[in-house]
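Colleague: Show me the model, please. I want to know what stands behind each label you use.

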Amino acid sequence: MALLEVEDVTVRFGGLVGLDQLSFAVDEGEICALIGPNGAGKTTFFNVVSRIYPPTQGRITFAGHDLLRTPGHRITDIGVTRTFQNLALFPGLSVLDNVMVGAHSRSRGGFLASAVRLPPMPAQERRLRAQAIALLDLLDLAALADRPAAGLPYGTLKRIELARAIAAEPKLLMLDEPASGLTHSEVAELGELIRRLRDRFELTVVLVEHHMNMVMSISEKIVVMDFGRKIAEGLPAEVAADPAVIEAYLGTTS
Amino acid sequence: MTLDVTPVEPRGFLRDPKRLAVRVVITLAVGALLLALPHIYPRFRVEGQFNVIITYAIAALGLNLLTGYNGQISVGHGAFFGVGAYTTAILVGDHGWPHFATLAVAAALTFVLGVLVGLPALRIQGLYLALVTLALAAAFPLVVTRFSSVTGGTQGMRVSRFRAPDWTGLKDYQWKYYVLLAVAVVAFVLVRNLVKSRVGRAIIATRDNETAAQVLGVDLSRYKVLTFGISATLAGVAGALSVFNEPFVNAEKYNINLSITLLVAVVVGGAATIFGPAWGAFFVVMIPTWLPNRYPQLSPVLFGGSLIVLMILAPGGFLGLVRQASGWVRRRSGRRSSAGPSPGEGHDALASA
């Protein structure tokens with residue numbers, strides 16, 4: 001059953017076309033990779049789904065919700081979350097607090113309740129904290145819990161961002177180039193980790209990635225984009241043999 | 001699908017009985033000192049310095065929530081301070097209200113004003129916001145002068161003094177000190193709770209990365225506007241309390257200088273630290289009194305110069321310096337006992353409180 005359905009989505013920035021009538025669907029529990037040359041519109045698509053850019057036209061349905069009518073700060077409520085290509089951590093907060101911000105949408109309490117510590121607040125805080133620590137533990141980050149989320153190795157920061165996204169307990173996790181900047185062995189580990197997290201937290205994963213080995217090994221479905229359009233879609237093996245894909249990546253001799 | 005919860009050990013200072021003991025001792029000592037001050041020092045010091053420090057500390061606490069934690073610069077908090085001061089002055093002076101009742105009105109009024117300024121602030125950021133709020137600070141004395149039939153204008157207005165009730169057995173200046181201190185303690189505790197809650201994390205997350213905060217579910221407009229409102233409220237309450245201390249208001253008391261002084265207090269004390277504003281208020285009031293006063297014309301220059309030196313030595317403000325120093329001491333003592341510091345023990349008891 002399709003969890004995410006993208007129909008005919010177009011984004012124009014002035015005269016530039018970011019996405020051109022993009023349509024595809026992602027099934028529940030699937031790991032779907034979005035690939036394509038730089039500038040193909042992969043990150044633009046992420047920004048549309050996370051309600052940063054409004055699309056010019058099209059429909060996106062997520063778990064029965066009309067996603068394009070959901071305000072940006074509500075997409076976690078319906079189960080969508082993401083990571084960013086160039087890290088978007090909060091350097092002024094500790095690693096633990098970063099992960100706890102991930103749980104913002106599934107916790108309650110406004111300014112007044114927080115300032116006077118109304119009875120449910122401390123208990124909620126303890127629960128969120130324990131969950132965040134458990135999550136850090138799972139990602140081998142527990143020792144860094146109290147450190148500021150800055151000045152750590154790039155791969156570590158990427159894992160912290162992953163932990164923060166999972167803390168939102170999403171149905172759909174969108175990863176924007178999770179392997180960029182990682183060493184060769186880290187990339188292999190990351191592929192394994194994404195699979196494990198998918199199984200453990202019953203996630204559906206959409207990822208944008210350039211590391212073809214990882215994409216081929218973990219994806220159940222690949223969507224190939226070029227110039228904002230979908231040029232191929234299918235199983236990894238099908239996509240790899242598709243002439244249009246080979247042309248987009250390698251060019252033609254004609 | 002829920003996240004597994006494994007039992008966790010207490011974190012931070014609670015894990016370490018020695019640090020907990022140090023903290024308790026420091027808190028008790030500071031508390032005792034603060035309670036003893038008006039009995040140790042004469043009236044002119046309590047009224048002219050300590051009480052002023054307390055009101056500035058409350059206003060800077062509010063400004064720090066906005067500028068330090070939320071990243072919205074305001075160079076106009078003197079105006080909110082002034083609105084609070086005039087609210088108390090007019091209600092007590094012209095309408096015979098009891099002092100305490102005016103606090104609620106000053107708080108409500110400045111909250112609404114803060115929200116009204118916070119709404120357009122959603123569209124302007126950084127230096128532009130600084131300029132807009134600066135205009136607010138510049139306009140306030142003019143507005144006061146324009147409505148001089150109510151405010152007394154540049155002549156000012158004198159209101160009845162805030163007297164100590166007989167049962168306390170205290171002199172007026174001592175009573176004022178304790179009332180101001182009590183409000184300040186409540187304000188600091190509330191802001192501390194707020195900063196260390198999900199709301200506080202959202203406020204800081206918004207400062208650090210708006211896009212990521214929104215994607216994670218933070219309603220940016222709501223948090224920014226309410227933070228502005230609460231920040232203005234604290235400045236307003238501080239202004240009202242300043243009239244408890246000194247029962248006189250006039251247009252020039254709440255000019256741009258006051259706004260800048262509050263901002264200086266935040267930065268000098270240590271932006272985005274809980275107690276930074278209190279230290280900052282202490283420094284902005286006390287430094288001028290420490291400087292040689294043989295040439296009064298030179299005082300502002302010396303004050304400015306000392307601030308420059310302070311910011312070069314301690315770019316993170318006073319508490320930033322304390323934190324650095326305590327981290328250094330801990331690392332050294334850690335090396336001696338050959339037990340390296342565990343991550344997360346990098347902050348000082350006072351600074352992280």
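Predicted model: local features only at pLDDT ≥ 70, side-chain atom pairs only at ≥ 80, totals over all residues.

Modeller: Side-chain values use heavy atoms, without hydrogens and water, residues are numbered from 1 along each chain as its sequence is written, and chains are lettered from A and ligands numbered from 1 in the order in which they are written.

Colleague: What makes Arg82(A) and Asp176(A) a salt bridge?

Modeller: A salt bridge needs a side-chain nitrogen of Lys or Arg within 4 Å of a carboxyl oxygen of Asp or Glu. Here the N to O distance is 3.7 Å. That is within 4 Å, so the pair counts. The two lie 94 residues apart, Arg82(A) in strand β6 and Asp176(A) in strand β7 of chain A. Strands are DSSP runs of E with at least two residues, helices runs of H or I with at least four, both numbered from the N terminus. Over all chains the count is 16 salt bridges.

Colleague: Why is Arg82(A) called buried?

Modeller: Buried means under 20% relative accessible area, exposed over 50%, partly exposed in between (1.4 Å probe, protein chains only). Arg82(A) has 3%, so it is buried. Asp176(A), at 1%, is buried as well.

Colleague: How do you know whether Arg163(B) is buried or exposed?

Modeller: Its relative accessibility is 53%, over the 50% limit, so Arg163(B) is exposed. Its salt-bridge partner is Asp172(B), with the closest N and O atoms 3.1 Å apart. Asp172(B) has 17%, under 20%, and is therefore buried.

Colleague: What makes Glu220(A) partly exposed?

Modeller: Its 29% falls between 20% and 50%, so that label applies. Glu220(A) forms a salt bridge with Arg198(A) at 3.1 Å, N to O. Arg198(A), in helix α7 of chain A, is buried at 11%.

Colleague: Which residues make the nonpolar surface patch?

Modeller: Leu112(A), Val116(A), Leu118(A), Val186(B) and Leu190(B) make a patch of about 440 Å². Patch residues have over 30% relative accessible area and no salt bridge; like charges are joined within 9 Å, nonpolar side chains (Val, Leu, Ile, Met, Phe, Trp, Tyr) within 5 Å. Areas come from the Shrake-Rupley method with a 1.4 Å probe; for residues, only the protein chains shown count as cover.

Colleague: Why does Leu190(B) pass the area limit?

Modeller: Leu190(B) has 31%, and the limit is over 30%, so it passes. Leu190(B) sits in helix α7 of chain B.
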